[in-house]
Amino acid sequence: PDTAPDGITALVPRDRMCEGARKLRDTYSIVPDAPLYRREFGYYVLDRWKREGHIDDSTDINALFSYDPPGKHSLHGLGWCEAEFAPAFEEKIVEDRCEYEVVQDVAGRHVLCFKGRRNGFMPEYLDHPVKDRRTWEEDVKWRLDPSSPERFAHIDAAMAAARADAALGMIITQQVIGGYMYLRSLFGPEGALYAFYDCPDVVHDCMGTWLALADTVIARHQQYVTIDELFFGEDICYNHGSLISPDMIREFIFPYYSELITNMRRRQIDQSRHMYFQLDTDGFAVPVIPMYAELGMDVMSPFEVAAGNDLLAIARDYPRLVMTGGIDKRVLAAGPDAIDAFLKRIIPPMRRRGGYIPTCDHGVPEEVSFDNYMHYRRRIIELGG
């Protein structure tokens, strides 16, 4: 029988990996002086560039900006900014306010929007679905039932695609809504803070439900593939540090993370494979780095510069932390001279160190002109290899 590595029972050798996988795995291994992997965080500016005639719906963004081919395959089914409800809440207009309307979204939140417009701006959240145990149990908890058949309706096709990419050496990443992001989507940012004190038993029930769902879905995925990375969308920081205290993190979030990570490692098909742990959080992330390192965090993003994250200082203090982000969105809007000065300070030392993917520190904002962005991409190629 063929016992050659298949990317599942064992990692494929480097010469059988696709180009993107080789380059991204060098990044995750923090190989000094390796060419920097080229991609972007995301965009809020594409409509502007379309209006100005620089791109259209047929434009291949990856080719235009010389991004690297994919090196990662993401597994879904566990939410990102909202919980993975099955069924989701009905999207509907609940109130007309002249030029605005209040909409119930798929996460059960009431959101103030421009009339007829749902995207391209930061909405105002007016209400969230969980207020207490009654609203949690009657309106929300049953939507997170791991046994809901629709959760696995397309698993055969999804896992066939994942296995094919694993055979190319791609990093198989399981994306999950993080514990704080999940609680915030249920209670709201203010409501969650009160809930930690007013109804901690409900918060623990919410997190136990989160764990049961995540563990069930991931266990199914692990029947087909070895997972290389667990990636939490957390957003637990603001511009002065963590939104909740270290004690709250350790009480309400870490026990559930620890159990999930332990279970995942125990179930891995390839027991020799290192499973990376990535955390994505806006805001000033430095205070939580040592905390999440206790759970084995390997990768972090996106290091917002305006929030006080000093990329070079963090890279020096945490030499084994893979970092992605850290390109100041304000600098991209400021023009070529500012872009050059920033990149010449950041990119050469980060390339020498290794373990860095340069991207904007959030979605590229509308203030960034197409010419400025093209200038930035050319400089990344010149400096990053």
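Which side chains does a polar contact of 2.9 Å join? They belong to D340 and R379; a polar contact is a pair of N or O atoms within 3.5 Å, where one must be able to donate a hydrogen and the other to accept it.

Some ground rules: this is a predicted model, where local features need pLDDT of at least 70, side-chain atom pairs count only at pLDDT 80 or more, and totals for chains, interfaces and linings use all residues. Residues are numbered from 1 along each chain, and side-chain values use heavy atoms, with hydrogens and water left out.

Back to D340: its place is in helix α14 (residues 336-353), a helix being a DSSP run (H or I) of at least four residues. At 14% relative accessibility, D340 counts as buried, since buried means under 20% relative accessible area with a 1.4 Å probe.

Now for the nonpolar cores, sets of buried Ala, Val, Leu, Ile, Met, Phe, Trp, Tyr and Cys residues joined through side-chain atoms within 4.5 Å.

| Core | Residues in it | Some members |
|---|---|---|
| Largest | 99 residues | Y182, F187, W210, Y292 |
| Another, apart from it | nine residues | L24, Y28, I171, Y276 |

In the largest core, the four members in the table touch the most other members. Helix α8 (residues 200-222) gives this core its largest share, ten residues. Leaving aside neighbours within four places in sequence, Y182 is in contact (heavy atoms within 4.5 Å) with residues including A83, W136 and W210. In soluble globular proteins, nonpolar side chains tend to be buried together.

Note on methods: Buried < 20%, exposed > 50% of the residue type's maximum accessible area, 1.4 Å probe, protein only. Helix = DSSP H or I, 4+ residues; strand = E, 2+ residues; numbered from the N terminus.
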